[in-house]
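Here is a friendly walk through one structure, from its conventions to its details. Please have the sequence and the coordinates at hand as you read.

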Number of protein chains: 2
Amino acid sequence: MIRYPNGKTQKTNKTETVAAIYANRGLSFEHEINMSNEYYLRQNRAVIYKKATPIKVVKMIQSKLGHCIQEAYFQAPSTTDYNGLYRGCYIDFEAKETKNKTFFPLANIHLHQINHMRAIVEHKGIGFLLVYFKMLGLVYLLDYHHVMEIVDAKKASIPLAIFQTKGQEVPQGYVAPIDYLKTVDAIYFKEKKEAIL
Amino acid sequence: MIRYPNGKTQKTNKTETVAAIYANRGLSFEHEINMSNEYYLRQNRAVIYKKATPIKVVKMIQSKLGHCIQEAYFQAPSTTDYNGLYRGCYIDFEAKETKNKTFFPLANIHLHQINHMRAIVEHKGIGFLLVYFKMLGLVYLLDYHHVMEIVDAKKASIPLAIFQTKGQEVPQGYVAPIDYLKTVDAIYFKEKKEAIL
């Protein structure tokens with residue numbers, strides 16, 4: 001049974017697994033993260049945005065609606081998907097989903113994104129990979145430090161066990177569908193629990 | 001005389017003012033900031049990028065070159081131009097130029113950008129406005145706190161004197177044309193001068 005904030009409830013078939021519920025809910029992982037960020041913003045809890053996808057404009061005209069792009073192509077992003085500010089700290093993360101049940105293939109991450117992650121680690125930002133294991137219905141957070149360990153060991157993928165031991169599961173909710181700031185609090189701010197923003 | 005790093009020099013007419021040199025150099029302020037950021041990135045000094053302009057795609061087709069955008073419009077950015085990570089801190093800034101010699105009109109900044117600046121201040125990020133006074137050939141940095149003071153006082157513009165007293169002039173150079181991190185060091189890290197990144 002899912003209890004909505006308005007007091008209404010919705011019965012779910014008990015045999016349905018969490019995975020099945022989430023697999024069917026029809027919202028993309030990215031969209032759910034964006035919804036979470038909007039919630040955090042409304043609550044004045046953090047200022048985190050998805051970066052716009054850079055495009056290469058080939059042809060542009062002036063139309064009634066303003067500058068109209070008539071030919072353009074998406075460019076591979078040179079950095080990660082999201083960044084922002086939380087509790088006075090720079091936050092940077094990349095969000096990915098996979099259908100694999102036991103590992104996350106690193107081929108999903110571009111070399112320049114790896115370089116960006118390494119730079120964030122060096123410059124002492126908070127950076128992590130969020131992976132949604134679709135078939136398991138589970139989301140994990142893994143710090144860039146650990147991602148770099150795997151990359152430097154020339155592995156082709158990150159085993160689920162690494163996410164489970166070195167990372168942490170991200171709670172999923174209603175108002176913040178991917179409530180990753182709870183996990184960020186637990187990992188990065190555990191010694192500052194009493195700290196007020 | 002401009003001395004380039006390769007040892008070559010270029011004679012300039014002594015009657016030319018700094019303003020005239022910069023007015024004629026043909027590079028936009030934005031382009032010069034991007035060059036500075038690329039330099040900082042190459043030097044592994046900071047990880048700061050211009051945010052891509054968000055677009056609204058109306059029509060897209062599949063072409064030989066990949067997804068081709070056939071109709072799209074630029075959307076007003078909901079945040080500021082630049083953000084990133086420097087010395088472990090979140091950095092956020094908006095860059096503007098003006099032809100006015102004695103003030104910067106606030107009409108140049110959208111309301112949602114003002115709201116974003118306020119959020120950066122509240123969440124303890126480092127945030128500032130960089131203004132290039134074109135006719136003076138001078139660039140100033142002014143912390144968002146001071147921008148908010150002017151906004152909250154319902155003023156329509158920020159006088160040059162405020163930039164000179166509450167802000168600081170940004171040095172201009174060759175490898176980093178708008179060397180704003182020097183100013184950031186002077187303003188935000190003066191007590192941490194000995195700190196290693």
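## Conventions and overall make-up

Helices (H or I, at least four residues) and strands (E, at least two) are DSSP runs, numbered from the N terminus. On that basis, chain A has 6 helices and 12 strands. This is a predicted model, in which local features need pLDDT of at least 70 and side-chain atom pairs count only at pLDDT 80 or more, while totals for chains, interfaces and linings use all residues. Residues are numbered from 1 along each chain as its sequence is written, chains are lettered from A and ligands numbered from 1 in the order in which they are written, and side-chain values use heavy atoms, with hydrogens and water left out.

Chain A holds 197 residues, and 42% of them are buried (buried means under 20% relative accessible area, exposed over 50%, and partly exposed in between, with a 1.4 Å probe and protein chains only). Contacts are counted when heavy atoms lie within 4.5 Å. Of the contacts in chain A with a separation of 6 or more, 62% are between residues 24 or more positions apart.

## Strands and sheet in chain A

Two strands are said to pair if DSSP finds at least two bridges between them. Six strands of chain A make an open sheet in the order E3-E6-E7-E9-E10-E12, with mixed pairing. E3 and strand E12 (168-169) of chain A stand at the edges with a single partner strand each, so one side of each has no neighbour in the sheet. As background, strands of a sheet pair through backbone hydrogen bonds, either parallel or antiparallel.

Within this sheet, E6(A) and E7(A) run antiparallel and are joined by 5 bridges. A:Leu85 stands opposite A:Tyr90 in E7(A). Another antiparallel pair is E4(A) with E5(A), joined by 8 bridges. These two strands, E4(A) and E5(A), form a hairpin with 2 residues between them, and A:Ser63 has A:Gly66 in E5(A) as its bridge partner.

## Where chain A meets chain B

How many residues does each chain bring to the contact? Chain A gives 38 residues and chain B gives 38 residues. The area buried between chain A and chain B is about 3,000 Å², with 66% of it from carbon and sulfur atoms; buried area here is the accessible area (1.4 Å probe) that two parts lose on being put together, summed over both. On the side of chain A, A:Tyr73, A:Leu85 and A:His123 lose the most area to chain B, together 22% of what that side buries.

Between chain A and chain B there are 9 residue pairs in polar contact, both residues at pLDDT 80 or more. A polar contact is a pair of N or O atoms within 3.5 Å; within protein, one must be able to donate a hydrogen and the other to accept it, and residues adjacent in sequence count only if both atoms are side-chain atoms. The elements of chain A that each supply at least two residues to this side include strand E4 (55-63), strand E5 (66-74) and helix H3 (111-122). E5(A) gives the largest share, 8 residues. E5(A) also pairs with strand E5 (residues 66-74) of chain B in the antiparallel sense, over 4 bridges, and A:Tyr73 stands opposite B:Cys68 in E5(B).

## Salt bridges

A salt bridge is a side-chain nitrogen of Lys or Arg within 4 Å of a carboxyl oxygen of Asp or Glu. In chain A, the side chains of A:Asp185 and A:Arg45 meet in one (3.6 Å, N to O). This pair links distant parts of the chain, with A:Asp185 in helix H6 (residues 180-188) and A:Arg45 in the loop between helix H2 (29-42) and E3, 140 residues apart. A:Arg45 is partly exposed at 26% relative accessibility, and A:Arg45, A:Arg87 and A:Asp185 are linked in a network of salt bridges.

A:Asp152 and A:Arg118 form another salt bridge, their closest N and O atoms being 2.9 Å apart. A:Asp152 sits in helix H4 (residues 144-152) and A:Arg118 in helix H3 of chain A, 34 residues apart. A:Asp152 is partly exposed, with a relative accessible area of 46%, and A:Arg118 is partly exposed at 28%.
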